[in-house]
Amino acid sequence: MRHSVSKVTSKGQLVIPSKLRKKLGIRKGTQVAFIEEGKRLVIQPITPDYVRSLRGSLKGTASALRVILQDHKKDRKL
């Protein structure tokens with residue numbers, strides 16, 4: 001695992017090194033998610049590749065629509 005170091009500015013801004021930006025496809029306007037994992041902070045760029053990687057990740061869980069429809073059906077029975 002390679003690492004780079006950057007400082008947080010007085011405004012709370014952080015510079016992502018250019019090599020990492022290029023490697024991860026981070027461009028002007030790219031959104032990033034800040035994920036807290038214990039005492040670690042993970043910065044995840046929200047790129048088309050990342051979104052594609054999420055496909056199917058909720059497979060096997062109840063869909064939100066199905067849960068809402070079941071709740072409505074229960075309410076109608078009352």
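Author: What follows sets each label beside its cut-offs. The model is predicted, with local features needing pLDDT of at least 70, side-chain atom pairs counting only at pLDDT 80 or more, and totals for chains, interfaces and linings using all residues. Residues are numbered from 1 along each chain as its sequence is written, and side-chain values use heavy atoms, with hydrogens and water left out.

Reader: How do you know how confident the predictor is in the protein chain?

Author: By pLDDT, the predictor's confidence in each residue, from 0 to 100. The chain has a mean of 85, and 96% of its residues reach 70 or more. Strand 1 (residues 31–37) has the highest confidence, at 92, while helix 3 (residues 64–77) has the lowest, at a mean of 80. Helices (H or I, at least four residues) and strands (E, at least two) are DSSP runs, numbered from the N terminus.

Reader: Why is I68 called partly exposed?

Author: Buried means under 20% relative accessible area and exposed over 50%, with partly exposed in between (1.4 Å probe, protein chains only). I68 has 44% relative accessibility, so it counts as partly exposed. This residue belongs to helix 3.

Reader: What makes helix 3 lie largely in the open?

Author: The number buried among its 14 residues is 0, so helix 3 lies largely in the open.

Reader: How do you know whether the span of helix 3 agrees with its 14 residues?

Author: The expected span is 1.5 Å times one less than the number of residues. For helix 3 that should be 20 Å, and its end C-alpha atoms are 20 Å apart, so the two agree.

Reader: What makes strand 1 and strand 2 a pair?

Author: Two strands pair if DSSP finds at least two bridges between them. Strand 1 and strand 2 have 7 bridges, in the antiparallel sense. V32 stands opposite P45 in strand 2, and I35 stands opposite V42. Their hairpin has 2 residues between the strands, and G38 takes a positive phi near 65 degrees there.
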